[in-house]
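Let's walk through this fold by way of its side-chain contacts and its strands. Have the viewer open and follow along.

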Amino acid sequence: RTKRGNNNTWCRDDELSSFPWEQVKARRDTLHLTKRLIALRKAFPFAEKGHILWHGTEPGKPDHSWTSHTLAWEYPTVPSEENGYAARVYAAANMYSEPLAFTLPRGRWRLQFSARGPESGEEVSGSIECPPGSVFILSK
C-alpha cells in the first residue's frame with residue numbers, strides 16, 4: 001500500500017493514512033502469510049541479539065555486493081516446547097531469476113516455512129534448492 005512518497009502521514013486524515021479494510025477479504029492469502037510469519041517469529045525468538053551469522057549460497061560466505069540476489073542468515077533461538085526445543089534458525093532468500101542451491105550449515109534442519117517450495121515439517125540436510133523468488137526458514 002502506498003503513501004505516495006509521504007513517510008510521515010500520521011497527521012493526515014485522508015486516504016494516505018487510513019487502512020483499506022475493504023481489501024482484507026480480497027487479499028486473504030497475504031493476511032494468512034503474514035500471520036504465519038508472525039507466529040514463526042514469536043516461536044523462534046533470538047537468544048542473543050546481534051549474534052547473526054551471515055551466509056550466501058555457501059555457509060559463512062555472504063555476498064555483500066550490490067548486485068547480489070541471495071541472502072542467508074542463521075541465529076540462535078530460545079529453545080522451548082513451542083518450537084520443539086530448536087536451538088538455531090536458518091533462513092535463505094533467492095531473489096535471482098534462476099533456481100539456486102543453498103548449502104546448509106551442518107546438521108539436520110526442519111523446514112518451518114517455505115514460499116514456493118516443499119511443505120513445512122520436512123527434514124533437510126546438505127542443501128536446499130530454492131526456486132526464483134523464494135524464501136525458506138528452517139530450524140534445528
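Start with Arg110, which at 35% relative accessibility counts as partly exposed (between the cut-offs of under 20% for buried and over 50% for exposed, using a 1.4 Å probe and protein chains only). A quick word on the source: this is a predicted model, where local features need pLDDT of at least 70 and side-chain atom pairs count only at pLDDT 80 or more, while totals for chains, interfaces and linings use all residues. Residues are numbered from 1 along each chain as its sequence is written, and side-chain values use heavy atoms, with hydrogens and water left out.

Back to Arg110: its side chain meets that of Glu123 in a salt bridge, at 2.8 Å from N to O (the criterion is a side-chain nitrogen of Lys or Arg within 4 Å of a carboxyl oxygen of Asp or Glu). Arg110 sits in strand β5 and Glu123 in strand β6, so this contact ties together parts 13 residues apart in sequence. Strands here are DSSP runs of E with at least two residues, and helices are runs of H or I with at least four, numbered from the N terminus. Glu123 has another partner too: it forms a salt bridge with Arg108, where the closest N and O atoms are 2.8 Å apart. Since Arg108 lies in the loop between β4 (100-103) and β5, while Glu123 belongs to β6 (residues 123-124), that pair ties together parts 15 residues apart in sequence. Through shared partners, Arg108, Arg110 and Glu123 end up in one network. Glu123 itself is partly exposed, with a relative accessible area of 41%.

How many salt bridges does the structure hold? There are 3, and one of them joins Glu74 to Arg88, with the closest N and O atoms 2.7 Å apart. It links distant parts of the chain, with Glu74 in strand β2 and Arg88 in strand β3, 14 residues apart. Glu74 is buried at 6% relative accessible area, whereas Arg88 is partly exposed at 21%.

β2 and β3 run antiparallel, joined by 7 bridges (two strands pair if DSSP finds at least two bridges between them). Within that pairing, Tyr75 has Val89 of β3 as its bridge partner. β3 also runs antiparallel to β8 (residues 134-139), this time with 6 bridges, and Asn94 stands opposite Ser134 in β8. β3 (residues 88-94) is mostly covered, with 6 of its 7 residues buried.

What about the nonpolar cores? The largest has 12 residues, among them Tyr90, Ala92, Trp109, Leu111, Phe136 and Leu138; a core is a set of buried Ala, Val, Leu, Ile, Met, Phe, Trp, Tyr and Cys residues joined through side-chain atoms within 4.5 Å. The elements giving two or more residues to this core are β3, β5 (109-115), β7 (127-130) and β8. A second, separate core of 9 residues includes Phe44, Ala86, Phe113 and Ile137.

Finally, the structure holds 3 aromatic pairs, counted when rings of Phe, Tyr and Trp (its six-membered ring) have centres within 6.5 Å, with planes under 30 degrees apart called stacked, over 60 edge-to-face and the rest tilted. Trp54 and Trp73 have ring centres 6.4 Å apart and planes at 50°, so the pair is tilted. Trp54 is partly exposed at 40%, and Trp73 is partly exposed at 24%.
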